[in-house]
Each structure stands twice: as C-alpha cells, then as structure tokens.
Amino acid sequence: MSAISLKINGKDHGPIEVRDDLSMNDFLREVLGMTGTKFGCGAAQCLSCAVIVDDPDGTSATMPTCTAPAMNFDGKSIRTVEGHASNGQLTALQEAFIRHFAFQCGYCTAGFLNEAQVLLERLEHQPVAREALEQTILVALDGHLCRCTGYVRYHEAVRDVILAQPARYLL
Amino acid sequence: MRLSRRDFLRTGSVSGIALTLSKIGIPGAALAEQPSFFERETLNGAEVPVRGRVDGLAKVTGAKLYVSDFRAADMPGWPPQTSHALLVRATDASHVYDGLNLDALGANARPDVVVTAAELATSGVRVPHFYEGNLLCPVGTTPLYLGQPVALLLFETFDAYDRARTALRDHSPLRFGAETGPLPGANYATLRFTRVAGADGAPDVYSPLRDGWLNPPLEDSDGRPIWQPGPKTDEAYTRGAALGEDIRSALASPDAGLLVLDRNFETQSVDPMFLEPECGLAWYAPDKQALEIVLGVQSPYEAASAVAFMLGEAETAIRPARIDGRFAYIGGGFGGRDHTPFPLYVALAAVFFPGKPIRLAHDRFQQFQGGIKRHPFRIRSQIGIDKTSGRIAAFAGDHILDGGGLANYSASVAIVGATAAIGIYDIPKVDVTTVAEHSHGVTAGSMRGYGTLQTMTALETLIDEAAVELKIDPIELRRRNLLKTGGPSMTGNPWTVSVRTPEILDKLEAHPIWRKRSMHKATTVGTLVGTGTACCTKDYGTGADCSLGRVELAPDGSITIHTDSVEMGNGIGTAVARRIEAILGRAASAVAVARIDTYDELELSTTGDPYTITQDQQDAAAKNPRWVPEISTASTASIGAHVGTQASAQAARIIFRFGMWPAALALWGIAPADPRAFLFEQAFWQGEELILSGLPPLAQADVAAKAHEQEGVTGAIAHAFSRWAWAQAAFPIDDMQWTADIDALSIRRGSGSYKLLDRSFVFFPPTDYNRIGTSFTSSCGTVVRIEIDRASGALHIVEAYSVLECGEVLVTELVEGQAQGGFAMGVGYALLETLPRFEDGPGNGKWNLGDYIVARASDLPIHNLEIEVLPPVSPKEPPKGIAEVVMIPIVPALLNAIHDATGHRFRSLPVTPDMIKGVLT
Amino acid sequence: MKSDCKRLILAFLFSCAAIIAANLMAGKALAGSLRLTLAPAENFAGIANAKAHSLALFAEIGKVLTSPRCMNCHAANDRPRQGDSGRLHQPPVFRGPDGLGLPAMRCPICHLATNFDPARMPGNKPWLMAPSEMTWEGKTLSQICVQMRDPKLNGGKSLADLVHHIGDDELVGWGWNPGIGRTPAPGTQEQAKALVQTWVDTGAECP
C-alpha cells in the first residue's frame with residue numbers, strides 16, 4: 001500500500017491509500033467512480049482507457065490506465081473525458097465529434113477525444129504541412145480501436161477542427 | 001418450423017414473478033440526492049448543442065451511461081458498497097472436471113461465497129430452454145464446451161476480487177482428470193430448402209413456402225443427416241427431396257450447354273468484439289424479495305424473462321417476488337448481446353449473495369472465452385449456368401455450420417444462411433441443405449450478417465468465377481440473373497419491398513473504380529492491382545418483430561419518448577426522435593431507450609410462439625383485445641429504423657391527429673365542418689412552427705398548450721408487431737375508427753390518465769408467413785480496388801465505393817456511419833480476424849486483442865471510401881434496415897479483387913499476407 | 001569418455017541452433033513455453049580446436065539471441081513484435097527517430113520502469129527498440145553473427161561494447177525477468193555475458 005495524491009481535471013485528489021497492484025483504471029473507476037474512462041482490453045491494445053498525462057514541462061501525452069499501477073500516478077496531473085468541457089462549454093473537438101456523428105456506441109470516444117486533444121496541443125507547438133495532415137492524424141489515432149464506425153467520421157471531425165484554424169495548427 | 005427466438009412463457013409476470021415494476025423516475029424528487037438510473041439513461045435530445053445524436057452530449061462528456069459505468073453507489077436506495085463476482089470458465093472440454101482448487105488464493109483473495117453446480121442442484125434453479133445445458137459444469141463430468149462456466153466466486157470487497165482474478169488468470173483453479181474426448185451432441189438443425197419453379201411463369205412445382213421446409217428424418221451412425229430419400233422416409237420429405245436430388249443429378253452430369261462450377265468455401269469463427277465487455281450489476285434484497293438488476297443487452301425483455309424463469313421455482317431464500325430490470329446503453333452489440341446467457345449469472349451472483357449489490361464483469365480475456373461467436377461455415381456450392389444466355393439454371397448448396405456448445409441461435413442462423421444462399425438472383429431450381437452442428441467450441445449465435453455473410457460470400461465469389469469462365473462481364477452476368485420485383489425468391493415468396501438491385505448494378509458499373517479498372521492495372525508499377533465487386537441483399541427483421549413506444553406531449557410542447565429498442569451505437573434514440581420530430585414539431589427533450597416497463601397501460605398478454613402458432617390458434621387468441629403474438633423483441637436483425645421507430649411514430653401520429661391538429665384548427669378558428677379541417681396530412685412543421693398553406697404559422701408550444709387545454713390526445717402508448725407485414729388494427733378515437741399499423745393502443749387526454757382502447761378490428765399477418773425466408777430485404781453493392789505488394793503479400797485497399805438503399809432515410813449520418821463501420825468489419829472478416837475453434841481458441845481464456853486483430857484506421861481507405869445512398873422510390877417508402885447488408889458485399893468484393901490481382905481464388909477466410917505471398921512465389 | 005559425452009551434447013546443441021535458424025528464416029521468433037537453460041562457458045573449454053570452440057560458444061549464445069525476448073525488439077520494418085509468439089506489436093507502434101517511438105505513441109508511456117504483472121505489462125527504464133542496424137528478424141543466426149561482430153554493420157559497436165550490451169545492459173537484463181506471461185531468455189545474464197566474452201576471446205567466429 002502507498003498513499004497517492006494527484007490532480008484530475010484540475011482538482012486535487014488524495015492522499016488516498018492504494019494497493020501496489022491496483023491499476024489506474026480501477027482506481028479511477030472503482031475507487032473514484034469516474035467511469036468516463038473506459039475499460040476495453042486490459043492490455044493497452046485498444047486504448048479506450050487512455051487519459052491525458054500533463055507533464056510539468058508543458059507537454060502532454062495519452063496513457064492507457066489499464067496496464068499502469070495507480071501508484072505510478074502519484075504527483076501527476078491528468079485529464080479525463082469528464083474534464084474537457086468547462087462551465088458547460090464543450091471544446092471544439094467535442095462539438096466536432098457530435099456534429100460529425102463521429103462515434104456510434106461511444107465506448108471508444110473518451111480515448112479518441114483525449115488522443116485528438118493531445119494531437120491538437122502538439123500541433124500548436126509543432127505544426128505540420130497541410131499535405132501531411134491526414135497522415136499525421138492517422139498515425140496519432142491509430143492506436144485506438146473502434147468497432148462501430150470504421151473511423152471515417154472521427155478522422156473527418158479532427159481534420160475539421162484543425163482546418164478551421166489553419167494558422168494555429170498548420171505550417 | 002422456424003425456431004423461436006424466445007420460447008417460454010411470456011406475460012406481464014413470468015413464473016409468478018412480477019417483472020419490472022419500476023416507474024418512470026420522478027425528476028426533482030426530494031429523496032434523490034443523485035440522479036436515478038432512469039434519469040441518467042433518459043437523454044435530452046433538445047439540449048445537444050449541435051444537431052447530432054441524442055446521446056452526443058452524454059458520450060463526449062463521459063456521463064455515466066453504459067452498463068459498465070454503474071456501481072451500487074450510483075443507484076439511489078441501494079447499499080453503497082459493490083461486491084464483485086468472478087465467473088470461472090472451463091479451459092478444457094475433453095477431460096472430466098475434477099473440482100475447484102482455490103489454494104492459490106491468499107487469505108486476502110478468498111471468495112466469500114462459492115457457487116458451483118452442487119449449490120445449483122439443490123436450489124431449484126431452472127435453466128431457460130433457450131440456454132439448455134448445465135449452467136455450471138458439475139464435478140465428475142466433462143464440460144459441455146470450452147468456456148463453459150464452472151463456478152461463480154463471490155467477493156465482498158473489490159480488493160479481494162481483484163487479487164483473485166489476477167491470481168486465477170495465471171493459475172487456473174480447475175482440476176481435470178480422465179480424458180473423455182469432447183462430449184457428442186445432437187445437431188441443432190438439419191433442414192433442406194428445395195424449390196422448382198413452374199415452366200414459363202407457371203406456379204412453382206415445389207416451394208418451401210407452399211410445400212414446407214424439409215427435415216430429413218434419418219441420420220447415419222455418426223449423426224449426419226441422410227439427405228437421400230429412401231423407403232424409410234416419409235412422403236412429405238421424399239417428394240421434396242426427390243426433386244432436390246434431380247437438381248443435383250443434373251448438375252453432376254450437365255449437358256454441353258451448361259457450365260457447372262462445384263466449389264467448397266470455408267469461413268472462420270470470429271468474435272463480435274464489441275468494445276464494452278459484457279457486464280451486469282444486481283442486488284437481491286431478501287427482506288423485500290426484490291431482485292434489482294442492471295444489464296446491457298440487445299434483448300432486455302428476454303433477459304428479464306429468462307432470469308424470472310430461472311428463479312421462478314427456486315427455493316424460497318433465493319426466489320424473488322419481483323424483478324426490476326434496468327437496461328443501460330451498451331458499448332456495441334453487433335448481435336453478440338442478443339440472447340446471451342450472461343444475465344443469468346449476474347442474477348445468480350446476486351441471489352447467492354443476498355443483501356449485497358454485486359457486479360459481474362467480463363474482462364477481455366473472459367469476453368473472448370465466453371462471449372457469443374459467429375458461426376464458421378463449410379459450404380459446398382454447385383451452380384449451373386447456361387453458356388449461351390448466361391442464365392443460372394440450377395443451384396445446389398450444402399452448409400455445415402459449427403454452433404459450438406449451446407444451441408443458442410444456431411438453428412435460426414442456419415435457416416437465414418440457407419435462405420440467403422442464392423442472394424440477389426432468380427434461379428428456377430434450387431436445393432440447399434444445412435446442418436447446424438454441436439461442437440465443444442465456444443457457443444456461436446447471433447452476429448451481424450447472421451449466416452448470410454458466410455453464404456453470400458461463397459455465392460458472390462462463385463458468380464465472379466463464373467463470369468470469368470463464361471467471359472461475361474461480372475456485373476452483366478449478375479444483371480441477367482437478378483430477381484425482379486414480384487418474382488419468387490428461393491422460398492417461393494416474392495420480396496414485398498422495393499427491389500433496387502438493378503440500379504445498384506448500374507451504379508457499380510458506372511463508378512470510376514470499376515470503369516478504370518483496366519487502366520489502373522496497366523499503369524500501376526511495382527505492385528499488383530486488382531478490382532472486385534459484389535452485390536448482396538440481407539433480410540431485415542426476424543418474422544416476429546415488435547415495437548413498443550410511449551410518446552407524450554407536455555403543455556409547453558416538450559416531448560418525451562420511451563421505446564423498448566436498445567441503443568447499442570446504431571442511433572435508435574436519434575432515429576426515433578427525428579421521426580417524431582417530423583410529426584410533433586420539436587426535438588424530444590427526453591428520450592428513453594431500452595425501456596420495457598413503461599407500457600403497463602396496454603395490459604398486453606400473449607400465448608403461444610409467434611413462429612409456430614397455427615392460424616386457428618392465432619384467430620382464437622386475437623379475439624382477446626389484449627393479445628399480441630409477442631410483446632417485446634430484441635434490437636437485432638437490422639430492425640432499428642423499420643421496427644424500432646414504428647410504435648413511437650404511430651403513437652406520435654395519433655397525438656398529432658387527435659391532439660395537435662384539433663388544437664391548431666381551434667387556434668386558426670377553423671370550424672369542424674370546414675373542408676380545411678381534413679387537411680391534416682398536408683400540414684407540416686418547419687422550425688417549430690406548424691405550416692398549412694394560406695394560414696398563419698402556429699408556434700409548436702402554442703399548439704401543445706391548446707391541445708392540453710382542449711383535452712385532446714397528448715399521450716399515446718402503442719405496440720406494433722410484424723411478421724413480414726405489420727399487424728393492423730382500428731381503434732375508436734373521437735367518434736372515428738383510426739386504422740394504423742399497430743395492434744394495441746392506450747391514449748391520454750390533456751393531463752389525464754391513460755385510457756386503454758379496445759381494437760375494433762385487427763389483422764395479424766397469416767401464420768403461413770412463417771415459411772417465408774426473406775420478404776423485407778435491402779441491398780448493397782461494393783466495388784473495391786486493392787494493391788498487393790509482391791514481396792510481402794501485404795494488401796492495401798486503395799479505394800472503395802458502396803451503394804445501398806434503405807427507403808426513407810431517417811438520419812443520413814447514421815446510415816452512412818453504418819456503411820462505414822460495416823466496411824471496416826467486412827475488411828476485418830475478409831483479411832484479419834480469426835479464432836481457432838477449439839483448444840487453441842478463445843475458450844482457453846488466453847485471447848486478447850494482441851492476437852485477435854480487428855481493423856484499425858490504417859487498414860482502411862478512410863479518406864477514399866465513398867458511400868452512396870439511393871433515394872427512396874417514393875416519399876412514402878418506409879425506412880428499410882441496412883445495418884447488416886452494408887458489411888456483406890465488402891468481403892466477396894475483396895476476394896474478387898484479390899483474384900483479379902493475383903489470379904488465385906482463395907476459398908477460406910481470412911486471406912492473410914502470408915497466404916497471398918504463398919501463391920505469388 | 002567424458003569428452004565423447006560433451007561432443008554428443010554439442011551435436012545436440014548445434015541441431016538446436018539449426019532449428020532456431022530455420023525458425024528465424026520463417027521470420028518468426030522461437031515460440032517457447034519452456035524455460036531454456038544455458039550451458040556455462042566453461043563447459044566448452046574442452047574443445048581443442050579454437051574455431052570450433054568459438055562456434056560452439058556462439059551456438060549457445062544463439063539460444064539467447066533468438067529468444068523472443070531479444071528478437072521482438074530486434075524486429076524488422078521499424079515495428080516491434082511482442083509475446084512468446086513474436087506477433088506484431090499491438091497497438092501498432094514504430095521505432096521513430098530515437099528508437100523510442102513516434103510522437104503519438106512513445107514506448108515509455110506504456111512501458112514503465114518495472115513490470116506490472118497484474119496486467120502482464122512489461123516495463124524497464126529505458127524501453128526502446130534496437131537500432132535499425134541491429135535488425136535480426138528474417139536473418140539466419142549466421143547472418144546475425146556477422147552483423148553483430150562487424151562495427152560497419154552494427155552501428156559502430158566494438159566487441160567489448162557487445163559484451164557490455166549483452167552482459168550488463170538493463171533492458172537486455174529484463175529479458176531474464178520479463179514478468180508473468182512471457183518466457184524468460186535462457187540461462188542468466190551472467191552466463192550470457194561469460195559466453196559472449198569467451199566467444200570474443202576465442203576469435204568471435206561466426207557459423
């Protein structure tokens with residue numbers, strides 16, 4: 001057992017005692033009741049459980065929670081699907097996902113949303129050429145499995161958000 | 001003959017246990033510190049900020065919605081702590097099970113309760129007929145199949161459960177003894193479908209519809225059916241089978257003018273791989289004798305009924321007097337959550353751990369191990385085609401499908417697969433046999449395509465091969481053989497819906513991918529290029545489909561909808577809301593799906609089995625105005641748009657006609673005798689205003705308020721039933737007889753209570769429609785271009801086009817989304833996904849997504865996939881179901897493209913790069 | 001009598017190596033559920049012929065090199081493999097310029113400093129692919145050997161570097177402690193180091 005403290009969607013949690021062998025996914029879902037983060041495979045192969053980890057250096061990355069111990073998140077700051085909208089205001093990505101009918105069952109949506117958000121933030125610092133955009137989105141999202149949609153509308157939604165602000169995301 | 005999708009007692013109470021007594025959640029009730037289950041599951045389609053899915057907002061914000069999201073603490077009134085159950089399954093089905101050894105579990109990982117076959121044996125628990133077989137494998141017997149449940153371990157705390165599940169995954173607690181080999185089991189179905197058309201348009205000489213489906217009466221010593229008629233076979237079988245044998249003889253020794261191809265094709269076992277593993281939460285409160293159960297299934301009414309049957313004669317301590325079933329949004333279904341045994345184990349966990357809310361949730365290993373699979377088929381096809389005309393003269397098919405350990409839907413899949421064997425074609429002589437076999441593999445059941453994916457893949461690759469042999473363009477060969485509107489299908493009945501295959505073939509032929517196929521082949525350097533096409537059709541509906549709907553209009557114009565259809569991603573909540581928005585003028589502010597408990601006012605009752613009931617029985621039963629052939633059916637078989645929206649839409653029409661329309665007339669000051677009073681069908685909504693030419697637009701809220709003020713109809717609850725045609729009934733409303741495609745109706749006036757109406761006339765579709773194979777069908781064609789790397793055999797899909805038809809399009813994006821998702825699933829089936837059937841397969845508990853490969857975006861032409869939806873034949877054409885057919889032509893089109901690229905015909909699935917490489921070197 | 005026995009053992013080991021090579025040619029790492037052992041370097045000391053001695057040592061080292069624990073990261077096409085079956089890594093990840101993955105999926109994001117056995121997740125710090133010069137997938141043991149010992153082919157590594165890599169590298173060391181669900185590399189890292197050192201000392205002969 002060890003006590004962990006972490007920030008989730010800007011809110012401090014802990015210290016909370018966790019078992020060394022408790023996964024972060026179970027910490028979120030069973031301990032905190034935050035079930036927006038899903039469980040799909042338990043093996044980091046579908047990434048429906050991915051959350052955003054914000055590094056103190058200002059960079060962010062998604063990370064599967066099903067294969068990582070909760071302990072590992074002590075002192076970290078993470079974002080989950082529950083934290084994207086603020087004050088009832090959806091992000092551009094959330095709106096685009098809805099407008100494009102990007103998801104169907106929606107069980108993979110949290111993972112796609114987190115991954116696409118990290119991509120947007122990366123492109124702000126490291127923009128890509130327009131010609132490379134589709135491939136950049138493809139590589140960024142390819143770890144995420146979706147069984148319903150054939151992916152088309154997710155990719156179109158993310159592309160739409162980027163093309164709406166080319167100066168922000170593109171070279 | 002068609003087997004029932006549910007063949008036990010069905011009434012408002014099953015086995016003496018009252019079902020689902022809970023009422024609609026009361027918003028703002030003082031007791032509720034947190035939203036009730038039903039409040040969470042009822043979504044406001046009007047507050048979605050952009051025009052999207054009704055569940056759009058909930059799904060992008062991570063709202064508690066899916067069955068796997070709920071814990072005891074989320075259920076107001078429940079004890080707050082969640083206990084956890086672990087279902088241990090057999091990893092061996094050829095040795096005697098010797099018992100459970102939990103020594104590997106430390107003291108802090110021990111279950112509090114262990115439920116085994118021994119406990120069940122003395123508990124009075126019954127196995128619902130559909131799931132015939134031991135619920136838990138008894139010690140001293142060989143498990144019936146790989147993955148068969150053996151024990152339920154119940155843990156009070158999550159930590160103990162969590163430790164145990166990890167430990168037991170690494171060290172199986174099951175001990176096995178003597179080798180017995182797999183246990184034999186009877187075939188689940190053996191059937192023969194034979195049709196011989198009359199000459200020159202004369203009535204059929206023989207057809208399944210008129211003469212019946214043939215069941216071979218004899219088996220050989222190995223349990224294989226004997227198809228040949230003989231002295232011991234009865235007259236009915238002999239007559240049909242003799243005609244079938246004639247067809248086969250002619251194909252075996254064809255005359256010179258006939259091209260005969262005789263081919264074998266094999267398909268694999270696959271997993272539906274919906275992303276949310278099966279899961280459930282239940283609490284048995286013995287003091288109240290109430291079992292509350294939260295499930296996520298495609299068949300909620302069946303799940304509740306099955307649980308009630310299971311416990312209906314159990315010993316008092318575990319027999320609930322009441323079961324409250326609550327059904328949540330699910331993370332995908334694809335058929336694999338229709339009639340699964342999983343809910344039974346959720347209920348068992350609860351009743352054997354009284355007082356403790358308990359959760360049973362598969363992880364992915366367990367989902368592979370225990371979840372319903374798609375049937376692998378072995379198919380032999382013989383086709384005879386006139387070399388001059390290109391007309392198909394005869395077809396014979398033989399299907400053997402592996403149903404795995406439990407019967408489940410195997411018989412039904414066999415039938416649907418067999419009756420789809422000639423696809424979109426008109427063939428005068430057809431003889432198809434099918435055998436659904438038992439095996440010790442994981443149980444197979446319903447999955448998108450339902451047998452037709454397998455048989456039409458075999459057919460459409462065969463047609464492609466024939467076209468090459470005959471030197472006829474493959475689209476032209478198809479065109480010459482199309483079944484036309486009104487023509488008899490393989491079972492002898494015509495399709496009763498629009499037949500759009502001629503247009504689909506035209507579209508495929510005109511598409512640049514097809515037109516430029518030779519050019520691409522000639523100009524692409526370095527890789528092999530191939531183009532392939534296929535066109536398929538798939539029935540929608542099961543021949544006994546129900547719809548329940550409850551629609552209410554508030555004085556402020558807001559709309560509430562309840563439907564028994566399940567939201568599994570298909571967008572049923574959105575489709576029903578859009579259909580009703582067109583009728584009642586506003587997006588619904590409360591859409592509740594998967595509700596089976598809010599139609600009590602209809603007082604429905606049923607007897608018999610809708611598939612096997614006789615005409616006399618039906619006629620007698622129909623005299624009871626509460627009787628319907630079936631109360632609620634699964635969300636399956638592509639029925640979302642067609643069936644799932646039906647009852648709600650009909651209820652809404654009644655609210656408009658007898659509530660809003662009279663209110664509008666009053667607001668316009670039009671007298672009842674004014675001719676304009678009858679123009680209700682010409683009025684329409686635009687931007688929440690009711691428009692009738694020549695009159696001032698009326699605000700929807702004003703019309704609603706007036707309807708309430710006038711005590712017009714403001715709420716309606718309806719039931720609809722379809723057996724390849726809607727049941728139709730008339731109801732007395734406002735001194736007139738309202739006739740609609742529903743068979744039960746209750747209405748509310750103003751804010752009053754509901755009044756149940758007796759039908760003054762009812763027509764149920766005749767029972768001999770049960771011998772129809774396919775009547776409602778929709779079609780889809782695909783053309784695809786691929787490139788193959790010579791060195792590695794790697795296949796790249798360059799571009800693809802699918803064209804489909806679905807009658808009225810309720811929501812364009814949902815239809816296109818189905819086609820895009822179906823494309824991906826088709827690619828997975830053709831090229832990626834496979835499961836070994838037995839010991840090395842998923843029943844061993846070791847399968848996950850590292851070994852089972854489903855399509856990722858990088859496997860697909862996501863920016864080069866064109867979907868075209870044909871406009872309806874008329875503005876009044878009803879919606880048709882397409883969620884399955886959109887997957888089917890993808891598979892044969894890819895195989896035909898691979899042949900075009902490599903010159904090789906693969907006749908087993910999936911086709912992997914190694915296999916392709918193997919034929920290139 | 002004793003040396004005869006040894007010869008017999010050696011013959012057996014060579015045939016093992018041949019089988020392993022055949023597996024490699026098929027592009028697959030050896031799927032092993034058995035925990036294999038390594039013969040200590042001194043077992044080979046009796047081989048009089050220096051070249052034969054060195055070759056025998058390399059054959060023994062080959063059991064380590066061709067373990068899925070090594071092959072999966074020395075994989076071709078910039079894409080690692082995983083599991084004892086050596087299947088392609090799921091989700092699809094790629095080497096990237098630094099061997100640590102592409103920007104969207106970096107190896108250390110999932111592969112933490114230690115194994116997490118409850119999820120059968122392997123971990124070590126660092127966790128990265130072998131450099132592309134050291135791709136072994138699809139090569140015979142003989143080809144691997146030639147590549148390994150030649151600085152022009154192996155990215156500038158000396159033989160001493162090789163001894164250090166196999167003998168002391170922490171990520172290589174993980175191969176002997178791969179967590180539940182994966183077969184460890186044969187023997188121990190110490191034994192492997194001694195074998196490589198002795199192989200180098202005896203002329204680093206390649207088959």
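**Figure 1. Trp724 of chain B, a buried residue in a loop.** W724(B) is buried, because 23 other C-beta atoms lie within 10 Å. In this predicted model, W724(B) sits in the loop between β25 (713-722) and β26 (728-733) of chain B. Take a look at its backbone too: although W724(B) is not a glycine, its phi is positive, at about 60 degrees. As background, most residues other than glycine have a negative phi.

**Figure 2. Glu603 of chain B, an exposed residue with a positive phi.** Here the view moves to the loop between β21 (590-592) and α17 (615-621) of chain B, where E603(B) is found. E603(B) is not a glycine, yet its phi is positive, at about 50 degrees. Is E603(B) buried or exposed? E603(B) counts as exposed, because it has 12 C-beta neighbours inside 10 Å.

Figure 3. In chain B, the bond from L909(B) to P910(B) is cis, with omega near -10 degrees. P910(B) belongs to the loop between α22 (890-902) and α23 (913-920) of chain B. In chain C, K125(C) and P126(C) are joined by a cis peptide bond with omega about 0 degrees. P126(C) lies in the loop between α4 (107-110) and α5 (141-149) of chain C.

**Figure 4. Leu508 of chain B and its surroundings.** You can find L508(B) in helix α13 (residues 501-510) of chain B. L508(B) is buried, because 24 other C-beta atoms lie within 10 Å. Which residues is L508(B) in contact with, leaving aside its neighbours within four places in sequence? They are I475(B), W514(B), T533(B), C535(B), G781(B), V783(B) and V803(B). Look for Y801(B) as well: L508(B) and Y801(B) are 293 residues apart in sequence, but their C-alpha atoms are 8.1 Å apart in space.

**Figure 5. Helices α19 and α20 of chain B cross.** The axes of α19 (residues 646-668) and α20 (residues 700-709) of chain B come within 8 Å and cross at roughly 100 degrees. The two helices, α19(B) and α20(B), are therefore roughly perpendicular to each other. On the α19(B) side, the contact is made by G659(B), M660(B), A663(B), A664(B), A666(B) and L667(B). On the α20(B) side, the residues are D702(B), V703(B), A704(B), K706(B) and A707(B). By class, the contact of α19(B) with α20(B) has 8 nonpolar, 1 polar and 2 charged residues.

**Figure 6. Helices α2 and α9 of chain C meet.** Now we turn to chain C, which has 9 helices and 4 strands. The axes of α2 (residues 50-65) and α9 (residues 189-201) of chain C come within 9 Å and cross at roughly 145 degrees. The crossing of α2(C) past α9(C) is left-handed. From α2(C), the residues in the contact are S54(C), L57(C), F58(C), E60(C), I61(C) and V64(C). Their partners on α9(C) are A192(C), L195(C), V196(C), T198(C) and W199(C). The contact of α2(C) with α9(C) divides into 8 nonpolar, 2 polar and 1 charged residues. As for chain C as a whole, 42% of its 207 residues count as buried.

**Figure 7. The buried face of helix α4 in chain A.** In α4(A), the buried residues are L133(A), T136(A), I137(A), A140(A) and L141(A). Seen down the axis of α4(A), these buried residues fall within an arc of 115 degrees, so they line one face of the helix. An α-helix has 3.6 residues a turn, so residues three or four places apart point the same way. What do the buried residues of α4(A) pack against? They pack against α3 and α5 of chain A.

Figure 8. Between chains A and B, 48 residues of chain A are in contact with 52 residues of chain B. Among the elements that give two or more residues to this side of chain A are α1 (24-31), α3 (109-125) and α5 (152-164). The largest share, 5 residues, comes from α2(A). The side of chain A that touches chain B has 23 nonpolar, 15 polar and 10 charged residues. Towards chain C, 21 residues of chain A are in contact with 15 residues of chain C. At least two residues each are supplied to that side by β4 (60-63), α3 and α4 of chain A.

Methods:
Residues numbered from 1 in each chain as written. Chains lettered and ligands numbered in written order. Predicted model: local features only at pLDDT ≥ 70, side-chain atom pairs only at ≥ 80, totals over all residues. Contact = placed C-beta atoms within 7 Å. Nonpolar A, V, L, I, M, F, W, Y, C, P; charged D, E, K, R; others polar. Axes fitted to C-alpha atoms, helices over the stretch in contact; angles between N-to-C directions. Parallel < 35°, antiparallel > 145°, perpendicular 65-115°, else oblique. Buried ≥ 20, exposed ≤ 12 C-beta atoms within 10 Å, placed from the backbone. Arc of directions from axis to C-beta. Left-handed = near helix turned anticlockwise from the far one by under 90°.
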